[in-house]
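Subject: Structure handover

Hello,

Here is the structure you were expecting. My notes follow below it.

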Amino acid sequence: SLMQQRGVVGASVAVVWGDDDREGDLSYSRTYGYGDKETGDVADARGTAFGEGSCARTIAALAALQLWQEEALDLDRDVNAVLPRELAVDAVFPTPVTLSRLLTHTSGFADDGSSRPASADSRRGPGASSRASSPAGSEAEAG
């Protein structure tokens, strides 16, 4: 099966259907595979806890776009204008970090989870030169 090919032990799918006037109703729910492969426990929609993976990012992006659609959020505003001082993004980027750039993964942050800036090449996107400026300003081979 595809789950075995991909190394997926268990999965859960739920579809909630509703409209703006009422809460959604669960219209479909199904689990696949194991809740615990070691014990052989089959996944159960009501009792098996799965890690959320990257779902929170999608939900946050959807919420941000809904607020933008209602004109309650400006996606192009510098995030420092609304962040508390202790969470402010250092002014190390040539342009302000905006929600739009964060949502499209073009903010300039490194891919390693740190808050340090990425190399100049990674901000330029695919096909960029393999040379980047080092922090001291001298040219260094990226590698």
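How many helices and strands does the protein have? There are 4 helices and 5 strands. Helices (H or I, at least four residues) and strands (E, at least two) are DSSP runs, numbered from the N terminus. Along the sequence, the pattern reads α-β-β-β-α-α-α-β-β.

Ground rules before the details. This is a predicted model, so local features need pLDDT of at least 70 and side-chain atom pairs count only at pLDDT 80 or more, while totals for chains, interfaces and linings use all residues. Residues are numbered from 1 along each chain as its sequence is written, and side-chain values use heavy atoms, with hydrogens and water left out.

**Overall numbers**

The protein has 143 residues, and 13% of them count as buried. Buried means under 20% relative accessible area, exposed means over 50%, and partly exposed is in between (1.4 Å probe, protein chains only). Accessible areas come from the Shrake-Rupley method with a 1.4 Å probe; for residues, only the protein chains shown count as cover. Among contacts between residues at least 6 apart in sequence, 15% join residues at least 24 apart. Contact here means heavy atoms within 4.5 Å.

**The sheet**

An open sheet of 3 strands runs in the order β1-β2-β3, with antiparallel pairing. β1 and β3 (41-42) stand at the edges with a single partner strand each, so one side of each has no neighbour in the sheet. Two strands pair if DSSP finds at least two bridges between them.

β1 (residues 10-17) and β2 (residues 25-36) pair over 8 bridges. Val13 stands opposite Arg30 in β2. Trp17 has Asp25 in β2 as its bridge partner. Ser27 is also a residue of strand β2. Ser27 and Val15 are 12 residues apart in sequence, but 5.7 Å apart in space, C-alpha to C-alpha. Leaving out residues up to four places away in sequence, Ser27 touches Val15 and Trp17.

β2 and β3 pair over 2 bridges, again antiparallel. Asp36 has Asp41 in β3 as its bridge partner. The hairpin of β2 and β3 has 4 residues between the strands, and Gly40 there takes a positive phi near 80°.

**A nonpolar surface patch**

Which residues form the nonpolar patch on the surface? They are Val13, Val15, Trp17 and Tyr28, with about 400 Å² of accessible area together. Patches are made of residues with over 30% relative accessible area and no salt bridge: like charges are joined within 9 Å, nonpolar side chains (Val, Leu, Ile, Met, Phe, Trp, Tyr) within 5 Å. A salt bridge is a side-chain nitrogen of Lys or Arg within 4 Å of a carboxyl oxygen of Asp or Glu. Strand β1 gives the most to the patch, with 3 residues. Val13 lies in β1. Val13 is partly exposed, at a relative accessible area of 35%. In a regular strand the side chains alternate between the two faces of the sheet.

**Two threonines in loops**

Thr48 sits in the loop between β3 and α2 (55-69). Its side chain reaches the backbone nitrogen of Asp44 at 2.8 Å. That is a polar contact: a pair of N or O atoms within 3.5 Å; within protein, one must be able to donate a hydrogen and the other to accept it, and residues adjacent in sequence count only if both atoms are side-chain atoms. Residues up to four places away aside, Thr48 touches Gly35, Val42 and Ala43.

Thr98 is in the loop between α2 and α3. Is Thr98 buried or exposed? Thr98 counts as buried, at 8% relative accessibility. A polar atom of its side chain lies 3.1 Å from the backbone nitrogen of Arg101. Neighbours within four places in sequence aside, Thr98 is in contact with Leu75, Asp76, Arg77, Asp78 and Val79.

**Backbone angles to check**

Glu71 is not a glycine, yet has a positive phi of about 60°. Glu71 lies in the loop between α2 and α3 (99-103). Glu71 counts as exposed, at 76% relative accessibility.

His105 is not a glycine either, and has a positive phi of about 55°. His105 is in the loop between α3 and α4 (120-124). At 65% relative accessibility, His105 counts as exposed.

Best regards
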